[in-house]
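Dear colleague,

I am passing on the structure we spoke about, and below it you will find an account of what came out of going through it. Please keep it open beside the text as you read.

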Amino acid sequence: EKSPPTVMAREYSKIIRQAWQRRELIQLGETMAQSARNAADPDGLIETSERELLQIQTSAASISLVSGAEVMDRVEHELENPRAAYGVRSGLSPIDDVSGGFMPGELWLLAGRPGSGKSAIASSAALNIATNGRGASDEPLGVIEICSEMTVEQMGRRHVADLCYEIHGPAAPSYSAMRKRQVSDAQRKMIREAAAKIRALGTMRSLYRTGLTVAALRSIIRRQKSAWARQGTQIGLVTVDHVGLLRASANTRGRTEAQGEVAREMKELAGELNIPLLALVQLNRQVEGRDDKRPMLSDLRDSGEWEENADGVIGVYRDAYYAQREPEPKRHDLKLLWDERRTSPFVDAIFMKIREGEMQTVKLWADMGRNAIRGGAPDSYFEYRSRDLLDPDVPLFGPTGFE
């Protein structure tokens, strides 16, 4: 018998794939019906079913081999059309210049000790993207913030303080002052103005939940991605603060094994949904016992698989955090140095791993009390700093002891 013409090969392969998908859906439906009758944990069954549905949708494409010719076509296309390989820019130019932006399918880690500023960096980047981010086709970019430590109200106060600072500079209230309701009438007006701008954003979603599994996380993100896609919005970034509080989906023995499983699932999640993931990671306590407390890859807590699965790892170090906890030196020259360190507004972002780039350290500027992280010192900083030097009773920054 005659074989079908090769020109129809693609169409026939599509028909075969669709038939396979129908068989898989029928089998999954029957399994779900059977399991639902005896399910002790319906939520767990929903998570499992959603994951298997997503695998049916993506598995055929994920195992396709790509020829060398097609790879070279893609490389040349990206070279000549920069927006074809679009990296989402965080709005923090020193990080964006080194990373090239966060690419879809990538898992990035932001690693630091408590108080280092990693949550502030992630929060500021999220607000930047939700406010100004545009995709490869100029579509708006949405941001999802998942937090296991802060409530959505706490995250909201940080965003408002950050945006107030962006608009009004050092006159803006700190998020701690907002929490304590220690704000002036003028600052209340600033807060309402910033809150109205954030309220109008359709590109930001936040969730506070402890004990999430990656399967549950996948379900949350997939639903929001579908909802935004119908509105012409693309996911620009998902932040998870912090991954040490995620639970492994599988039965694991010990924390190290559990976190290894979470690390692998997080990388798979970024690839399956084709989104950039920014995961916040705690460092080991051993850092505190070293003279040099700058983070290293070996400081990553719980599992080396975080290092292995990440496309990039950024360590966060804030010298002011440690200087503020040191006793005041008695010698005048040492006191001057100590005073400069404890009031320093700079945060080091240390690229400890990057798949396509060079390991280096860049500096960010921060007003920690207002959750304002910037690529460099704002112009107003120098004006107010000069005034502060002339009148030490005039406060320049909000509290600096917060992350």
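A residue counts here as buried when its relative accessible area is under 20%, as exposed when that area is over 50%, and as partly exposed in between. Please bear in mind throughout that this is a predicted model.

By that scale asparagine 274, at 48% relative accessibility, is partly exposed. Asparagine 274 sits in the loop that connects α10 (254-273) with β5, and its phi is positive, about 55°, although the residue is not a glycine. Arginine 181 likewise has a positive phi, near 60°, without being a glycine; most residues other than glycine have a negative phi. Arginine 181 belongs to the loop between α7 (175-180) and α8 (185-199), and because its relative accessible area is 67%, it counts as exposed.

Turning to the fold as a whole, the protein contains 14 helices and 9 strands. The strands form an open sheet with mixed pairing, in the order β3-β2-β4-β5-β1-β6-β7-β8-β9. Its edges are β3 (204-208) and β9 (372-374), each of which pairs on one side only, and neighbouring strands are turned against each other by 20° on average, if direction is ignored.

Within the sheet, strands β6 (residues 312-317) and β7 (residues 346-354) run antiparallel and are joined by 6 bridges; valine 316 has alanine 349 of β7 as its bridge partner. Helix α5 (residues 118-132) lies across β1 (107-112), β2 (141-147), β3, β4, β5 (277-282), β6, β7, β8 (361-367) and β9, and runs at about 155° to β2. Helix α6 (residues 152-168) also packs on the sheet, where it touches β2, β3, β8 and β9, its direction making about 140° with that of β3.

Threonine 239, in strand β4 (residues 234-241), counts as buried because its relative accessibility is 5%. Leaving aside residues up to four places away in sequence, threonine 239 touches Ala122, Ile144, Glu145, Ile146 and Leu278.

For the protein overall, 44% of the 403 residues count as buried, and the accessible surface comes to about 21600 Å², with 51% of it belonging to carbon and sulfur atoms. Among contacts between residues at least 6 apart in sequence, 70% join residues at least 24 apart.

Key: Residues are numbered from 1 along each chain as its sequence is written. This is a predicted model: local features need pLDDT of at least 70, side-chain atom pairs count only at pLDDT 80 or more; totals for chains, interfaces and linings use all residues. Side-chain values use heavy atoms; hydrogens and water are left out. Helices (H or I, at least four residues) and strands (E, at least two) are DSSP runs, numbered from the N terminus. Buried means under 20% relative accessible area, exposed over 50%, partly exposed in between (1.4 Å probe, protein chains only). Contact means heavy atoms within 4.5 Å. Two strands pair if DSSP finds at least two bridges between them. Axes are lines fitted to C-alpha atoms, for helices over the stretch in contact, and angles run from 0 to 180 degrees between N-to-C directions. Accessible areas come from the Shrake-Rupley method with a 1.4 Å probe; for residues, only the protein chains shown count as cover.
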